[in-house]
Amino acid sequence: MVFPVIARRLLGVRVGIIRTLLTGAVAVAGMTLFSSVMQSPDQGGLLVGVQMGCALLLAMGFLAGLEMLAPGGAGSPAGWLRAVRARTARARRYSQISAIAVRHGLRPYLLGRQRRGEDLHEGATGTARLARPLRLALEEAGPTFIKLGQVLSTRHDLLPPAFIRELSRLQNQVPPESPGRLADQLRTHFGKPTEDVFATFDHEPLAAASIAQVHLAELHSGEQVVVKVQRPGVRTAVHRDLDIVCRIASVLEARARWARALGLVDLANGFATSVREELDFRVEARNMATVKAAWERRRADDDVVIPRTYEALSGELVLVLERLPGSPISALPGHVANPGAQGTDVARALLGSLLKQVLVDGTFHADPHPGNILLLEDGRVALIDFGSVGRLDGQIRAALSRFLIAVHHSDPAALCDALLDLVSRPEEIDEQALERSLGRFMARHLTPGAAPDVMVFVDLFRLISLHGLGIPPEVAAVFRALATLEGTLTSLSPGFDIMTESQKWAEEQGASQVGYSSAGSSLESELLSAVSTLRRLPRRVDRVTSALEEGRLGVNIRMFADSRDRRYIRGLVHEILLTGLAATAGLMAVILLHTTGGPMVTPSISLFRAIGYHMLVFSGVLSLRMLFVIFRTQR
């Protein structure tokens, strides 16, 4: 036990009992081998320290290699077996995905070697030629990758129109689950047969997707409901594919310039988080309850409906909702529900509902595409599928309100200030250049007579990216939701002007909804809170000027006041000292081993050479420690 305890202490890593025993066995075997090789009758016990040092080096090397190959500290044979099976399944899936990519001609892009003249920017000659193979490959790769393509088809801020058009053709209609497996899934959730819960249950699905399918049913009370059931066994496949998506994104971002430009790792991680939430229907139920509660607090619009959730019957695998008589907008002929005045009224109701969710409630439906909006028989609309919901804090809502006010007044300076409150700004930014760019943006898209469309959001994202600004995920979700809604509103009412209607909505709602009247009260509150500071300001200015006149003005600056800075500098100095000490010990060992003469401690070994052997072991221990720290930090 001595060798592994010392080895893990020197390496600074905690390991379990099994790795400790294995390391000890390796060290003892090494000690035995070194004793037989190094020991000779004329040396006595002189090289025992060298033998133990070599055994310790072997233990450290074995432990470091084991930690590099299978990180995670303690483990069990059962855990190792599960890990091997998982790696084997992932490798098999990797080979399938790689074969699909090669078959559709995507291999150069995965290696970061796109053909000359082809990139992901609008106007590139190879854009259209690349978009179709990408869609076909995603379709062939399976449900998780189809869903990824559907998410990308809404990212007008990242991909050019050719990709958006092609990926929008992805369909997720998969064969329905067998009634027997579905009944087993329902029995697992309810703990009793389906007929004990529902008076009638239609086993023919109303819709079938990759993760779940929807069925119509009737409760024993006579209420008509919609039952959303998760497909049996889908969790394992989805988690495996999400892991592969994130790993592929990491490799591509390290290899390909276009992947780094898109921020592929962040995109993949956000997608994986969203899909994992969709695997738990309790998240969707909570989202619906949150949005509905916010609407009830402000007397929700009569024109927009959210179905009621039957919480007692819903859970992780099953979601039971109120059945609303109507059809999705996407299922209507030509995707145009009510052309003319009625369609415009419905579009205005939807836009006003989303703006209230964003600017007032702070919780909003983040995916309002035509399939998630029902047109009811009484002319109202309903929002469904709350698996993707955005949340905003008060500061972001206030900045968005100022953004809308600046657009309403065509004020580039105010728009620039509001935008800088919304995004993550770099250390250096040319605010004048940003303001001029925003002025040109407003002149292009927001002047009277302009016909705003989804390109408003595309150009805005490009402008933000051009100036090196970072968009927080929650703000990006707002713009994506508005861009998605713009297409839905156009299908309801061709020619619908989302920017003009947003300004009209703000005027109709009154100043209190979007911050017009609150500006005066906020200013008054700020002035009252600043009275005490203003009262003390003249005395402080007098003290500073007096000290400056008498030459007593000084400035105290604390270096490394932040504890994180101190820890970083301390760790860096320690690593430099250990590296220098290891190099010095190694150099001295080499010199001593090549030194002739000196007192002899045995007939064949001098004192200098014996010291050199021990210093060489000491140098090896320090060097191995530093290499382990470096590689573990990189990992």
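This note sets out numbered points on the structure shown above.

1. Basis. The model is predicted: local features need pLDDT of at least 70 and side-chain atom pairs count only at pLDDT 80 or more, while totals for chains, interfaces and linings use all residues. Residues are numbered from 1 along each chain as its sequence is written, and side-chain values use heavy atoms, with hydrogens and water left out.

2. The four-stranded sheet. Strands β5, β10, β9 and β7 form an open sheet in the order β5-β10-β9-β7, with mixed pairing. β5 (304–305) and β7 (326–328) each have a single partner strand and stand at the edges, so one side of each is left without a neighbour in the sheet. Strands here are DSSP runs of E with at least two residues, helices are runs of H or I with at least four residues, and both are numbered from the N terminus. Two strands pair if DSSP finds at least two bridges between them.

3. Pairing within this sheet. β5 and β10 (residues 381–383) run parallel and are joined by two bridges; V305 stands opposite A382 in β10. β9 and β10 are antiparallel, with three bridges, and L375 has V381 in β10 as its bridge partner. Three bridges also join β7 to β9, again antiparallel, where G326 is partnered by L376 of β9.

4. Buried means under 20% relative accessible area, exposed means over 50%, and partly exposed lies in between (1.4 Å probe, protein chains only). The hairpin of β9 and β10 has four residues between the strands, and G379 takes a positive phi near 95 degrees there.

5. D385. Most residues other than glycine have a negative phi, and most peptide bonds are trans. D385 has a positive phi, near 60 degrees, in a residue other than glycine. It is found in the loop between β10 and β11 (389–391). D385 is partly exposed, at a relative accessible area of 32%.

6. Strands β4 and β6. Five bridges join β4 (residues 224–230) to β6, and the two run antiparallel; V229 stands opposite V318 in β6. Four of the five residues of β6 (residues 318–322) are buried, so this strand is largely enclosed by the rest of the structure.

7. Helix α11 and the cysteines. α11 (residues 234–255) has 22 residues and reaches 31 Å from its first C-alpha to its last, close to the 32 Å expected at 1.5 Å a residue; the expected span is 1.5 Å times one less than the number of residues. Its buried residues include V238, L242, V245 and C246. C246 has 17% relative accessibility and counts as buried, as does C416 at 1%. The structure holds zero disulfides, a disulfide being a pair of cysteine sulfur atoms within 2.5 Å.

8. A nonpolar surface patch. V555, I557, M559, F560, Y568, I569, L572, V573, I576 and L577 form a nonpolar patch with about 1100 Å² of accessible area together. Patch residues have over 30% relative accessible area and no salt bridge; like charges are joined within 9 Å, and nonpolar side chains (Val, Leu, Ile, Met, Phe, Trp, Tyr) within 5 Å. A salt bridge is a side-chain nitrogen of Lys or Arg within 4 Å of a carboxyl oxygen of Asp or Glu. Areas come from the Shrake-Rupley method with a 1.4 Å probe, and for residues only the protein chains shown count as cover. V555 lies in the loop between α24 (531–550) and α25 (563–593) and is exposed, with a relative accessible area of 68%.
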